[in-house]
Amino acid sequence: MVAISPPAKVLVTGANGYLATWVLKKYLEAGYSVRGTVRSLSKSAFLNDKFAHYGDRFEIIVVEDITKDGAFDEAVKGVDTIAHTASPFHYKSTHPDDLIIPAVRGTTSILNSALKHGSTLKRVILTSSVAAVREHTTVPRVFNESNWNDAAVERLKTKGSGAGPSTIYLASKTLAEKAAWEFVAAHRPEILWDLVVINPPLVFGPSLSPAPTVDDINTSQREIYDTLTGARTSAQLQAQGNWVHVSVASVAHVRATHAVGAGGQRIIVQSGPFFFQDLLDSAAELGIPNVPRGEPGSTKGISFIINLETKKAEELLGLTTATPLKDAVAESVEDFKARGYPGFTA
Ligand code: NDP
């Protein structure tokens with residue numbers, strides 16, 4: 001594959017989403033042209049406000065139902081790269097189809113459109129997740145790109161809706177990513193483009209999207225909000241997560257576009273592991289008022305259970321700088337204040 005350099009055109013699906021809006025911003029700043037898709041034009045007004053000054057390097061189109069065959073046939077025409085981010089991320093599903101269908105069919109639908117109409121296409125970047133990599137574990141483990149969260153898929157098969165919303169999400173990302181790799185393997189002789197998959201853990205950092213009420217913020221920002229407003233039990237505060245700054249996750253998409261060696265790779269991007277208590281400790285260090293203390297310092301020195309290898313992100317994408325968690329907490333708090341969310345006053 002030849003390097004895809006600006007002003008090459010990138011199709012970003014789900015352009016109004018939390019991560020996608022940052023992806024759009026980073027592509028435009030890097031000099032690329034961007035065509036974003038949204039489900040309805042009403043969701044794109046803020047994107048026009050933010051990015052219209054890029055002139056004809058920026059456009060938004062509507063793809064109402066990403067699961068329909070041919071949904072992206074027009075959208076993929078004339079683009080050099082696709083960054084497919086659109087997929088539901090929430091823990092409110094009551095039936096597996098709520099997430100599995102848009103995640104998997106959305107992915108196969110855009111790949112089918114790429115197969116039929118992507119004559120200018122050179123690379124597809126899929127926003128997967130660490131959800132598709134790491135399994136549940138009670139002993140410390142190191143996960144890398146060779147690992148798959150087959151356990152979530154098995155749990156879903158066994159328990160159906162009873163598996164719960166978290167497993168449904170984990171399985172949706174695993175199944176969607178597998179579907180993408182299987183599609184590429186099945187059509188290898190016919191396609192001139194390659195696939196790169198970005199696997200982020202929880203994405204933290206300020207939102208560029210309109211989210212007038214707390215209920216409108218995306219799931220990962222909501223994790224921070226809920227923790228800082230006291231909605232966590234002691235056990236939940238001792239739980240571990242992994243996170244990446246939204247700026248790093250979005251730059252990863254841009255670098256995956258022009259890094260020739262990234263083709264055919266899954267790439268984990270991470271800023272670091274953390275305990276939920278660390279969010280409270282960060283807020284305390286920052287002097288943020290009215291945030292519960294939890295058990296300050298109680299996670300210091302405790303080993304992380306889920307450890308992620310980030311060698312590929314360093315070697316292929318040059319992503320080397322770790323962002324302190326405290327910085328992301330400070331940025332989120334500023335964001336919550338600016339939006340006037342309960343518990344945070346400007
Ligand atoms: P958001 O909820 O902010 O955005 C999701 C985007 O996907 C929106 O544009 C949304 O459109 C679209 N979407 C959701 N459901 C459907 C559907 N059924 N049909 C069509 N479009 C749909 O999520 P994030 O920005 O947080 O996540 C974006 C991507 O990144 C997802 O693929 C997610 O799995 C992945 N990811 C996110 C992480 C995070 O911590 N945020 C971590 C790892 C991966 P609409 O607004 O119209 O609903």
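Okay, let's start with the ligand: the shell of residues around the ligand splits into 12 nonpolar, 10 polar and three charged. By nonpolar I mean Ala, Val, Leu, Ile, Met, Phe, Trp, Tyr, Cys and Pro, by charged Asp, Glu, Lys and Arg, and the others, Gly among them, are the polar ones.

Before I go on, a word on what you're looking at. This is a predicted model, where local features need pLDDT of at least 70 and side-chain atom pairs count only at pLDDT 80 or more, while totals for chains, interfaces and linings use all residues. Residues are numbered from 1 along each chain as its sequence is written, and side-chain values use heavy atoms, with hydrogens and water left out.

Back to the ligand. Which residues come nearest? Of the 25 residues around the ligand, they are Asn16, Arg39, Lys43, Tyr169 and Val203. As for where the shell comes from, helix H1 (residues 18-29), helix H5 (165-186) and strand S8 (202-204) each give at least two residues to it.

Asparagine 16 puts a polar side-chain atom 2.8 Å from an oxygen atom of the ligand. Lysine 173 has a side-chain N or O atom that is also 2.8 Å from a ligand oxygen.

Next up, strand S1, residues 9-13. Five of its five residues are buried, so S1 is largely enclosed by the rest of the structure. Buried here is under 20% relative accessible area, exposed is over 50%, and partly exposed is in between, using a 1.4 Å probe and protein chains only. In a regular strand, side chains alternate between the two faces of the sheet. In S1, Lys9, Leu11 and Thr13 point one way, Val10 and Val12 point the other way, and all are buried.

Who are the neighbours of S1? S1 pairs with strand S2 (residues 33-38), parallel, over four bridges, and with strand S4 (residues 81-84), again parallel and over four bridges. Pairing means that DSSP finds at least two bridges between the strands. On the S2 side, leucine 11 faces arginine 35, and on the S4 side valine 12 faces alanine 83. S1, H1 and S2 together form a right-handed β-α-β unit: with the strands pointing away from the viewer, the path from the first strand over the helix to the second runs clockwise.

The peptide bond from proline 6 to proline 7 is cis, with omega near 5°.

On to strand S7, residues 194-199. S7 is mostly covered, with six of its six residues buried. Asp194, Val196 and Ile198 point one way, and Leu195, Val197 and Asn199 the other. S7 runs parallel to strand S5 (residues 123-127), joined by five bridges, with arginine 123 partnered by aspartate 194. S7 also runs parallel to strand S10 (residues 266-268), this time with three bridges, where valine 197 partners arginine 266.

Last stop, the loops. Asparagine 290 sits between helix H9 (276-285) and strand S12 (306-308). Its phi is positive, about 65°, although asparagine 290 is not a glycine. Is asparagine 290 buried or exposed? At 71% relative accessibility, asparagine 290 counts as exposed. Then there's glycine 230, in the loop between helix H6 (219-228) and helix H7 (234-237), and partly exposed at 42%. Glycine 230 and glycine 294 are 64 residues apart along the chain, with their C-alpha atoms 8.5 Å apart.

Conventions. Near = heavy atom within 4 Å. Polar contact = N/O pair within 3.5 Å; in protein donor to acceptor, adjacent residues only side chain to side chain.
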